[in-house]
Structure formats: C-alpha cells, structure tokens
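Student: I would like to learn how to read a model of a single chain. Please take me through it feature by feature.

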Amino acid sequence: MIDFEEEIAKFQPSLEIEQAEEAIIQNDLSDMTDFIKQLLKEKSNR
C-alpha cells in the first residue's frame, strides 16, 4: 500500500515548473482587456 505521507515528504517540484513560474512572473503579459483599455484611452485623448 502507498504511504501518501512518505511520498509527499519526498516530493520535490521539477525545475522546469519553477523556471516557468519565474519566467511568467517576470514577463509583463498583456491580454485583450489591456489592449481594449489602451485603445479607449487613445481614442478619448483625440
């Protein structure tokens, strides 16, 4: 039978996930809402 407590204690996240988290946090990712806000802001300034 699997001892889940033992398995959880041995668990270590893969480096790939940690590296991906850092890359996502460091990037300024824009979404459609950001683009629409910018367009509306530019339109209101004209």
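Student: How many helices and strands does the protein chain have?

Tutor: Begin with the inventory of elements, then their order. This is a predicted model. The protein chain has three helices and zero strands, and from the N terminus the order is α-α-α.

Student: Which element has the lowest mean pLDDT, and which the highest?

Tutor: Take the chain average, then go element by element. The protein chain averages a pLDDT of 86, with 100% of the residues at 70 or above. Helix α2 (residues 15–26) has the lowest mean, 81, while helix α1 (residues 4–10) has the highest, 93.

Student: What box do the C-alpha atoms fill, and what share of the residues is buried?

Tutor: Extent and burial can be read together. Along the principal axes the box is roughly 70 × 20 × 10 Å. Of the 46 residues, 0% are buried. The chain exposes about 5100 Å², and carbon and sulfur atoms supply 57% of that area.

Student: Which residues make the nonpolar surface patch?

Tutor: M32, F35, I36 and L40 make a patch of about 440 Å². L40 sits in helix α3, which spans residues 32–44.

Student: Why does L40 count as exposed?

Tutor: Compare the relative accessibility with the cut-off. L40 is exposed because its value is 53%, and exposed means over 50%.

Conventions
Residues are numbered from 1 along each chain as its sequence is written. This is a predicted model: local features need pLDDT of at least 70, side-chain atom pairs count only at pLDDT 80 or more; totals for chains, interfaces and linings use all residues. Side-chain values use heavy atoms; hydrogens and water are left out. Patches are made of residues with over 30% relative accessible area and no salt bridge: like charges are joined within 9 Å, nonpolar side chains (Val, Leu, Ile, Met, Phe, Trp, Tyr) within 5 Å. Accessible areas come from the Shrake-Rupley method with a 1.4 Å probe; for residues, only the protein chains shown count as cover. A salt bridge is a side-chain nitrogen of Lys or Arg within 4 Å of a carboxyl oxygen of Asp or Glu. Helices (H or I, at least four residues) and strands (E, at least two) are DSSP runs, numbered from the N terminus. Buried means under 20% relative accessible area, exposed over 50%, partly exposed in between (1.4 Å probe, protein chains only). pLDDT is the predictor's confidence in each residue, from 0 to 100.
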